[in-house]
Amino acid sequence: MSRYISIMQCRTCQRDYPYSHEFFHRYTDRKGRKKLHTRCKVCAIKIAADWYLANKKRVSEWGRRYNIEHREARQRYQRKWVLKNPDYEVRDGIRRWQRANPEKVRQQRKRGFQARRARMVGAAGKLTSSDLRAIYTMQSGRCFYCLTTLGNHYHVDHKVPLCRGGSNAPTNICCACASCNLTKGKMTEVEFRERRHGS
Ligand SMILES: [Zn+2]
Ligand SMILES: [Zn+2]
């Protein structure tokens with residue numbers, strides 16, 4: 001059985017294409033009849049893209065005006081949506097996860113703080129939160145210097161401080177109690193140990 005396929009010439013590029021919705025966009029005319037455009041998809045897409053590039057400003061202005069004019073409607077819609085989808089409160093979801101994983105949250109915060117500081121000093125090396133967890137476990141949850149039990153409130157110490165050219169790599173990181181970390185200040189690990197044993 002053979003199927004008859006008619007050919008249609010695009011009115012823009014004059015190329016012949018099979019007259020089907022694969023090559024021509026569909027539309028519904030005023031009387032509700034399904035029809036195909038007389039411009040091929042390739043040309044239609046190109047024209048739309050060119051028009052968009054030439055009218056970018058106008059398009060974003062439309063979007064801005066639409067958002068202002070429909071602000072109340074959008075807020076109403078959002079409130080209704082939230083009521084209809086009580087399980088899908090994004091912020092709630094994050095808070096629930098944070099409550100369930102306090103240790104991870106602490107480590108993420110610490111890592112973020114360390115990374116920011118390291119960026120400022122331009123130090124090499126990258127510390128991930130799993131690195132930090134591994135270091136903490138390796139030290140059996142005790143201070144690297146005085147071996148006191150750390151619990152949840154510990155400091156992340158750079159053995160060679162960033163300001164003395166130390167890196168942010170895991171080998172240069174240890175977990176320390178607040179007292180050791182603050183006393184150590186800008187000393188290196190070696191200097192700090194010498195001073196502790198010397199005094
Ligand atoms: Zn064409
Ligand atoms: Zn300590």
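Helices (H or I, at least four residues) and strands (E, at least two) are DSSP runs, numbered from the N terminus. The expected span of a helix is 1.5 Å times one less than its number of residues.

The model is predicted: local features need pLDDT of at least 70 and side-chain atom pairs count only at pLDDT 80 or more, while totals for chains, interfaces and linings use all residues. Residues are numbered from 1 along each chain as its sequence is written, and chains are lettered from A and ligands numbered from 1 in the order in which they are written.

Figure 1. Helix α3 (residues 71–84) has 14 residues and runs 20 Å from its first C-alpha to its last, close to the expected 20 Å. The count of buried residues in α3 is 0; a residue is buried if 20 or more other C-beta atoms, placed from the backbone, lie within 10 Å of its own, exposed if 12 or fewer, and partly exposed in between. Among the residues of α1, the buried count is 0.

**Figure 2. The largest nonpolar core.** A nonpolar core is a set of buried Ala, Val, Leu, Ile, Met, Phe, Trp, Tyr and Cys residues joined through C-beta atoms within 7 Å. The largest one here has 14 residues, and C143, F144, Y145, C175 and A176 have the most contacts inside it. Strand β6 (residues 173–176) supplies the largest share of this core, 4 residues. Leaving out residues up to four places away in sequence, A176 touches C143, F144, Y145, Y154, H155, D157 and N181, where contact requires C-beta atoms, placed from the backbone, within 7 Å.

Figure 3. G112 lies in helix α5 (residues 102–121) and is exposed because it has 11 C-beta neighbours inside 10 Å. Its C-alpha is 12 Å from that of L132, 20 residues away in sequence. G166 sits in the loop between β5 (155–158) and β6 and is buried, since 20 other C-beta atoms lie within 10 Å. G166 and A118 are 48 residues apart in sequence, with 9.5 Å between their C-alpha atoms.

**Figure 4. Domains 1 and 3.** The protein chain is divided into domain 1 (7–49), domain 2 (55–88) and domain 3 (106–198), with bounds from an automatic or database domain assignment. The C-alpha centres of domain 1 and domain 3 are 66 Å apart.

Methods
Two residues are in contact if their C-beta atoms, placed from the backbone, lie within 7 Å.
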